[in-house]
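Please go through the points in order, with the sequence and the model at hand.

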Amino acid sequence: MAEPDAKIILAADLARARAALGRNMEALRRDLDVASHFKQSFHENKAAYIGGATFFGLLLSKLPARKKKVYVEKKAKGAVKEAEKAGLLLVILQFLFNTFRPMLMSLVTKQVTEFVKSRGQMKE
């Protein structure tokens with residue numbers, strides 16, 4: 001008859017352990033809820049948070065800006081001269097293209113129309 005009593009005792013111990021585990025898990029969830037802790041702390045200490053943020057912003061605004069260092073190579077003179085020549089050549093080519101564009105367009109149009117006419121006569 002001791003066996004049924006042992007089962008009942010074990011079942012009761014297991015139920016108590018499960019209940020304690022559930023309570024512990026709920027307490028752990030509450031402890032790990034950082035957002036609610038922060039909200040509560042902010043509501044309780046608004047002046048301290050706003051003052052700290054203002055001081056931090058003022059401190060950041062007073063820091064000097066980081067100056068970027070630019071290194072220029074001494075041997076770049078030849079590259080600059082080549083870039084100047086290429087730029088000048090590009091300007092000259094653009095001027096020539098803009099000047100001769102009407103003539104080029106008429107030539108291309110004439111060639112295309114002759115090609116289309118010749119293709120049309122071949123099919124007939």
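1. Terms of exposure. A residue is called buried when its relative accessible area is under 20%, exposed when that area is over 50%, and partly exposed in between, with a 1.4 Å probe and protein chains only. By this rule E26 is partly exposed, at 38% relative accessibility.

2. Basis of the notes. This is a predicted model, in which local features need a pLDDT of at least 70 and side-chain atom pairs count only at pLDDT 80 or more, while totals for chains, interfaces and linings use all residues. Residues are numbered from 1 along each chain as its sequence is written, and side-chain values use heavy atoms, with hydrogens and water left out.

3. Confidence. The predictor's confidence in each residue is its pLDDT, on a scale from 0 to 100. The chain has an average pLDDT of 87, and 90% of the residues score at least 70. Among the elements of the chain, the highest mean, 94, belongs to helix α3 (residues 46-62), and the lowest, 86, to helix α4 (residues 77-123). Helices (H or I, at least four residues) are DSSP runs, numbered from the N terminus.

4. Salt bridges. Side chains of opposite charge can pair when their charged atoms come close. The term salt bridge is used for a side-chain nitrogen of Lys or Arg within 4 Å of a carboxyl oxygen of Asp or Glu. How many salt bridges does a search of the whole structure find? The search finds 2. In one, the side chains of D13 and R16 meet at 2.1 Å, N to O. D13 and R16 are 3 residues apart in helix α1 (residues 2-32), so about one helical turn separates them. D13 is partly exposed, with 34% relative accessibility.

5. The E26 bridge. E26 forms a salt bridge with R29, and their closest N and O atoms are 3.3 Å apart. These two residues also lie 3 apart in helix α1, which means a separation of about one helical turn. R29 counts as exposed, at 52% relative accessibility.

6. Aromatic pairs. Rings of Phe, Tyr and Trp (its six-membered ring) pair if their centres lie within 6.5 Å; planes under 30 degrees apart count as stacked, over 60 as edge-to-face and the rest as tilted. The whole structure holds 2 aromatic pairs. F38 and Y49 make an edge-to-face pair, 5.5 Å centre to centre with 80° between the planes. This pair links distant parts of the chain, with F38 in helix α2 (residues 34-44) and Y49 in helix α3, 11 residues apart. F42 and Y49 form a tilted pair, at 5.6 Å between centres and 55° between planes. Y49 is partly exposed at 32% relative accessibility, and F42 is partly exposed at 28%.

7. Position of A48. A48 is in helix α3 and is exposed, with a relative accessible area of 55%. Between A48 and A27 there are 28 Å in space, C-alpha to C-alpha, and 21 residues in sequence.

8. Helix α4. F97 lies in helix α4 and is partly exposed, with a relative accessible area of 43%.
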